Amino acid sequence: MADIIDGRAIARQLDEKTKAEVDALVAAGNPAPGLAVVLVGDDGASQVYVRRKIKACEKVGIRSIEHRLPADTTQEHLLAVIDQLNKDPQIHGVLCQVPLPDHIDTRLVLRSISPDKDVDGFHPVNVGRLTTGTGGIVPCTPLGVMMLINSVLPDLKGKDVVVIGKSNIVGKPVANLLLDAEATVTVTHIYTENLPDICRKADVIVAAAGAPELVKGYWVKPGAVLIDVGITRKMGEDGKEKLVGDIAFDEVQHAKAITPVPGGVGPMTIACLLANTVQAARNLASEAPAEGDDYADAPDRSMYSAS
Ligand code: NAD
């Protein structure tokens with residue numbers, strides 16, 4: 001039987017570490033880290049996500065400030081709100097929940113967030129820092145993926161890792177983090193040929209395709225580590241909706257370890273958002289290099305440990 005990598009437990013561990021860091025910042029005379037969450041419109045799923053993020057902030061002592069704007073908010077007004085948050089010394093993280101209404105240019109808005117407060121890690125400056133291995137804020141889900149792998153395989157040097165999916169929010173940043181950890185990385189996607197053969201050689205598979213149960217048992221080498229990022233809602237035989245990952249869970253019990261869906265990568269994403277907010281607050285408190293400065297230090301791999 002493959003071991004279950006318990007994302008909920010590892011996320012709880014990370015939350016404890018984050019809370020201790022918040023306490024230390026406050027004890028040193030700094031304001032509690034502040035996260036501003038901007039929500040435009042009334043998309044149901046976005047409201048749920050924002051509520052979850054705000055509740056999670058409370059647990060670790062991060063101040064959360066919600067800015068709810070109506071669906072007909074102009075782009076200019078939204079940019080002005082973000083500009084104000086960028087300048088506010090009590091705010092250390094700014095997050096703009098997507099999707100945004102159609103009349104707003106999402107890319108422009110996400111780029112207007114100060115890279116130093118970009119706790120989602122989507123700003124091109126942070127993407128550049130990630131791809132050059134020079135620090136910056138790492139996107140939440142990829143950071144969570146690295147922590148989950150680290151919990152069962154702390155040394156990735158020379159390991160064969162296959163990433164399925166090449167999106168900007170999961171596949172590409174995960175691949176860059178894995179390269180920084182000295183793994184041999186193969187990034188695959190919808191047009192990749194012979195995907196089962198490629199996967200069969202992998203020591204680690206990170207599946208982030210959004211294709212339910214794509215990875216079959218015969219794709220997986222005995223002893224491999226499997227990280228299932230995919231989440232698809234499907235109707236079960238009992239007529240109840242259930243969440244399904246990208247890996248055929250029941251077929252891969254010869255793996256060393258696997259993340260379940262739900263309860264694997266999902267809980268890590270919010271925990272990493274909180275950790276990123278504290279990192280941003282720490283950087284701002286210590287006057288870390290400003291935007292454009294060269295981060296000379298190598299990435300700190302201790303951040304892959306949740307404890
Ligand atoms: P995306 O649609 O932007 O990208 C999907 C990628 O997978 C693409 O590169 C595509 O080429 C590849 N792909 C799709 N079908 C494939 C197939 N059959 N074979 C090989 N490659 C295939 O998706 P995304 O935003 O990166 O998200 C991927 C999945 O991860 C989704 O299910 C999403 O819900 C989930 N997700 C989960 C979390 C979390 O917190 N747990 C966070 C982000 C995304």
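**Domains, ligand and sheet**

Trainee: How is the chain divided?
Mentor: The chain is divided into domain 1 (28–118) and domain 2 (140–266), with bounds from an automatic or database domain assignment. Their C-alpha centres lie 30 Å apart.

Trainee: And what are the ground rules?
Mentor: This is a predicted model, where local features need pLDDT of at least 70, side-chain atom pairs count only at pLDDT 80 or more, and totals for chains, interfaces and linings use all residues. Residues are numbered from 1 along each chain as its sequence is written, and side-chain values use heavy atoms, with hydrogens and water left out.

Trainee: How many residues surround the ligand?
Mentor: 20 residues do, the closest being Lys166, Ser167, Ile190, Ile231 and Thr269; a residue counts if one of its heavy atoms lies within 4 Å.

Trainee: Which side chain has an N or O atom 2.8 Å from a ligand oxygen?
Mentor: That of Thr269. Polar backbone atoms of Lys166, at 2.9 Å, and of Ile190, at 3.0 Å, also face a ligand oxygen; a polar contact here is a pair of N or O atoms within 3.5 Å.

Trainee: Changing topic, what is the strand order in the open sheet?
Mentor: The six strands run S1-S11-S8-S7-S5-S6, with parallel pairing; strands are DSSP runs (E, at least two residues) numbered from the N terminus, and two of them pair if DSSP finds at least two bridges.

Notes:
A polar contact is a pair of N or O atoms within 3.5 Å; within protein, one must be able to donate a hydrogen and the other to accept it, and residues adjacent in sequence count only if both atoms are side-chain atoms. Helices (H or I, at least four residues) and strands (E, at least two) are DSSP runs, numbered from the N terminus.
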